[in-house]
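Reader: I am new to reading structures. Please show me how to start.

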Amino acid sequence: MGLPGLLCLAVLAASSFSQAQEEEITPVVSIAYKVLEVFPKGRRVLITCHAPQAPPPITYSLCGTKNIKVAKKMVKTHEPASFNLNITLKSSPDLLTYFCRAATTSGAHVDSARLQMYWELWSKPVSELRANFTLQDRGSGPRVEISCQASSGSPPITYSLVGKDGQVHLQQRPRHGQPANFSFLPSQTSDWFQCQAANSVNVQHSALTLVPPGHDQKMEDWQGPLESPILALLAYRSTHRLSEEELGVFRIGNGEVRRCKAAAM
């Protein structure tokens, strides 16, 4: 094969490699949101668009239903673009769909996945409720401190500290994404408590926990050193039978670990 033929093959190979390399680094645009404030029929949210692989400057557009442009922002670095938005509950869920569009100076653009804000903000059930029971002594005597938080769920989420008999002892409605924190003095008699998380879609409970573990045990033997978590349990549904993973674990003073099956409501 002559020299011109070899040069032609080399150019074609380089062109094919460049095209394959471009396909490999096609920018991906992510979309995320954070609830800033909750109103009866609205939410103030921060929507973030980010295309870290795209060369700056990048023009980000936040688009709504039927590709209507809601807001636009140019970013000259690799930082994401954020949009502060007041979202009002609509009659149709389709009216609350948003996506990000990232465009470079070359004219190329790429869209993010669709964010279904109706299902996120108004119809997402509470899930993966975690409850941490801790014995703390900050100098004024031991106190039981409980932290409750669901990993997801439409706001607002109301957290309650509930007894075995169903009585609500304490209740909080923290900002979205923040845990509820309860605190009280331990009594001389044991009782069962659990965290409850509820929104407009569903209610979820954590496993029942004995507080304190027993009147025949010293308080300092509850979990060994103070300021240690007593128990961290995933939630269970009261209609289900408890599995081995849903058994409570209590530690006594000599280091022995005992299991105590939490009673279902």
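Author: We will look at strands, aromatic pairs and charges over rings. This is a predicted model, where local features need pLDDT of at least 70, side-chain atom pairs count only at pLDDT 80 or more, and totals for chains, interfaces and linings use all residues. Residues are numbered from 1 along each chain as its sequence is written, and side-chain values use heavy atoms, with hydrogens and water left out.

Reader: In which sense do strands β1 and β2 pair?

Author: Strands are DSSP runs of E, at least two residues, numbered from the N terminus. Two strands pair if DSSP finds at least two bridges between them. Here β1 (residues 30-39) and β2 (residues 42-50) are antiparallel, with nine bridges. Val 35 has Val 45 in β2 as its bridge partner. Two residues lie between the strands of this hairpin.

Reader: How many aromatic pairs does the structure hold?

Author: A pair of aromatic rings is described by the distance of the centres and the angle of the planes. Rings of Phe, Tyr and Trp (its six-membered ring) pair if their centres lie within 6.5 Å; planes under 30 degrees apart are stacked, over 60 edge-to-face, the rest tilted. The structure has two such pairs. Tyr 118 and Trp 119 have ring centres 4.9 Å apart and planes at 85 degrees, so they are edge-to-face. Phe 184 and Phe 193 are tilted, at 5.5 Å and 45 degrees.

Reader: Which residue has its charged end over the ring of Phe 99?

Author: A charge counts if NZ of Lys or CZ of Arg is within 6 Å of the ring centre and within 35 degrees of the ring normal. Arg 114 sits over Phe 99, 3.8 Å from the ring centre. Lys 73 lies over the face of Phe 83, at 5.4 Å.

Key. Helix = DSSP H or I, 4+ residues; strand = E, 2+ residues; numbered from the N terminus.
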